[in-house]
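Work through these exercises with the model open beside you. Try each task before you read its solution.

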Amino acid sequence: MFAKVLMRRIGNIQFTYKTRKLSSKPRLAIVGSGPAGMFACNGLLRKSNFLVDVFEYSPVPFGLVRYGVAPDHQEVKNVINTFDAMFEKNRERLRLYCNVKIGQDITFDELTRGYDAVLLAYGSYKARKLGVPGCDSKNVISGSDFVGWYNGVPNAPTPDLSASNVVIVGNGNVALDCARVLSTASSGSLRISDIPDERLSVLEKTATKDIKILGRRGPENVSFTIKELREQFKIQEWDSKLEISETDLKNLIESLPKLERKKKRLTEVLVKNTGTTSGLRQCHFLFHRVPKEVVADSNGMVRELVVENTETSKTETFPCELLIYSIGYETLVLDGVPQNENKMIDMKDHCRVNMNAECPAHVYATGWCAHGPRGVIVDTQQQSSFVADQIASDFIHTRHSIAPGVDLVLNERKVPFISWDAWKMIDQQERDQGKLSGKIREKFTTFEKFLSKRLE
Ligand SMILES: Cc1cc2nc3c(=O)[nH]c(=O)nc-3n(C[C@H](O)[C@H](O)[C@H](O)COP(=O)(O)OP(=O)(O)OC[C@H]3O[C@@H](n4cnc5c(N)ncnc54)[C@H](O)[C@@H]3O)c2cc1C
C-alpha cells in the first residue's frame, strides 16, 4: 500500500478532457470490476452501442472472484472466462484501468462530468469491527483480511498461524471458508489451489488443533450454505460438531416440516452433525455466544476471548491465539454520491441513484455497494443484467458528445494504471509460473511486482 501511495504524486492538475471530440456513442464509466460491474458491462455491450471504461482500485480485475472466493473452489472462479471473452471481443469499445481508485485518483464528480452514465459497482469491502475491549490486539483479524491474505492480496500482512486455538466469530460462509482452509491446510490438499506459494507454506505449517465457530444467535439463524457446511463435516482427521442444547436441538427438529426446501436441507445437515467433539483436531460450532472482551498477553498478542453465553447467562473464557471475526461489512459511500439514513447509497429505484437535478450524468448502482453484502455471484448476475437493460433503455433516444481522454488525465496525475493488455501479460506470467508446480496460477503478491510488469 505504501509503495502504491508513494507512486502517486497527485498535484493540482485539473481534470480536463484534452481529446474531447464529438461521438454519437454514449459513454459509461464503471467503478469496480467485480462480478456486479462485469455482468452489467457484458449485458450492456450486447444490448447497446455504449463505449465503456472500467476503473478498478486493485492492480488486477474481478474483485472478490480473485480475492474472496475460496481457493479450493476454483470452479466458481471460472466466471472469469466470461469476462475475459467480453474484453477480447469488445476491444474497440471497452477499456480497463486497474490500480485507479475513484475518490482518490479521479473523483466521482469528475466521472459524472466526463461520461454520459456512471455505474457504481464497487462492492462492500470494509469489514465491520468487533468493537469490544482488546479487539485491536495482535492476531485479531477480520475474516475478509484473512481470506484476502491467503488469496494473495498484495502486500497483506501475514497472520501468526502457530496458534493451536483459533476462534472464529460469525455464522456466514466467510467464517466457514476460514475454518475449512485452516483445517485442510496441513494435509497438502491446497497445493493445487491458487494460494501463493509463500502464503501456502505458512498455512501448511499451521499448528491449529481447535477451532471454535461462534454464533451470536441460535443455530436456526446461521447463514451458511449447504455445500460449504457439508465440506467442513467431511474433513478427514477433524471432528466437527454443533454443540447445542437439548432445547435448540428440539427446536431445530420441530421446525423441519415448516421449512422451505433449501432451509430444510440445511437444517437436516445441522441436526445430523450435533454432538460432542473428540479426537486430536476439533471444530466446535457454538451458539448464543456474544464476545465481550479480548485478553492479550504482555506483548499485546491475543490469548483469550471472553464471551457471554446468552442461553445460560454465564461468562465463558476460551483460549485463543488467533481470533478471526466475520460479522458483516460496512458499505462506504463515495464522496459526492448521495447517502440515505442507513448510510447506504441513496437509490431512487432498484438501480438508479437519487442524484440531484444538476448532475450531468445518469448514475446507477449495482451489486454489494447498492444493496448491501448479500448473495452469491448468481444473485449479482441477475441483478446486473436487469441494470444493463435499464441503462440501455434510458439511452435509446439520446445523442451524446463526450469522449474523455482519461489516459491523458491519469498520465498527467502520474497514476500507474494497469490496462487490459498489461493485465493479460501479468495473467499469462502467473499462469506460466503456476504450471511449473501444477497450479492454475502463481499469483503476484506485491504492488511492486504488478507495477514492474506494467512497465515491461
Ligand atoms: C470471502 C468471500 C467468499 C465468497 N465466495 C463465494 C463463492 O464461493 N461463490 C459465490 O457465488 N459467491 C461468493 N461470494 C460472494 C461474491 O463474491 C459476491 O456476490 C460478489 O463478489 C459481489 O460482487 P460486487 O461486484 O458487488 O463486489 P466485489 O466483488 O467486491 O467487486 C467490487 C470491486 O470494486 C473495486 N473497488 C472498490 N472501491 C473502488 C474504488 N473506489 N475505485 C475503483 N474500484 C473500487 C474493488 O476493488 C472490487 O474489485 C463470496 C464473498 C466473499 C466475501
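A polar contact is a pair of N or O atoms within 3.5 Å; within protein, one must be able to donate a hydrogen and the other to accept it, and residues adjacent in sequence count only if both atoms are side-chain atoms. The model is predicted: local features need pLDDT of at least 70, side-chain atom pairs count only at pLDDT 80 or more, and totals for chains, interfaces and linings use all residues. Residues are numbered from 1 along each chain as its sequence is written, and side-chain values use heavy atoms, with hydrogens and water left out.

**Exercise 1. The ligand**

Task: Find which polar backbone atom lies 2.9 Å from an oxygen atom of the ligand.

Solution: 
- Step 1. Go to Ile377: a polar backbone atom of this residue is 2.9 Å from a ligand oxygen.
- Step 2. Turn to Gly375, where a backbone N or O atom lies 3.1 Å from an oxygen atom of the ligand.
- Step 3. Look for a ligand nitrogen: one is 3.0 Å from a polar backbone atom of Tyr57.
- Step 4. Widen the view. The ligand is surrounded by 33 residues, each with a heavy atom within 4 Å of it. The closest are Ala36, Glu56, Ile102, Trp368 and Ile377.

**Exercise 2. The open sheet**

Task: Work out the strand order in the open sheet of 3 strands.

Solution: 
- Step 1. Strands are DSSP runs (E, at least two residues), numbered from the N terminus. Two strands pair if DSSP finds at least two bridges between them.
- Step 2. Read the order: E11-E12-E13, with antiparallel pairing.
- Step 3. Find the edges. E11 (289-296) and E13 (314-319) each have a single partner strand, so one side of each has no neighbour in the sheet.
- Step 4. Check the bridges. E11 and E12 share 7, and Ala296 stands opposite Val302 in E12. Strand E12 (residues 302-309) is joined to E13 by 6; Glu308 faces Thr315 there, and Glu304 has Pro319 as its bridge partner.
- Step 5. Inspect the hairpins. Between E11 and E12 there are 5 residues, and Gly300 takes a positive phi near 85 degrees. Between E12 and E13 there are 4, and Ser313 has a positive phi near 60 degrees.

**Exercise 3. The cavity lining**

Task: Sort the lining of the largest cavity by class.

Solution: 
- Step 1. List the lining residues: Ala127, Ser142, Gly143, Ser144, Tyr325, Ser326, Ile327, Gly328 and Tyr329. Each has an atom within 4 Å of a cavity point, on a 1 Å grid over the protein atoms alone, where a 1.4 Å probe fits but cannot get out.
- Step 2. Count: 4 nonpolar, 5 polar and no charged residues. Gly counts as polar here.

Notes:
On a 1 Å grid over the protein atoms alone, a cavity is a set of points where a 1.4 Å probe fits but cannot get out, and a pocket is an open set with protein on both sides within 12 Å along at least five of seven lines; lining residues have an atom within 4 Å of a point.
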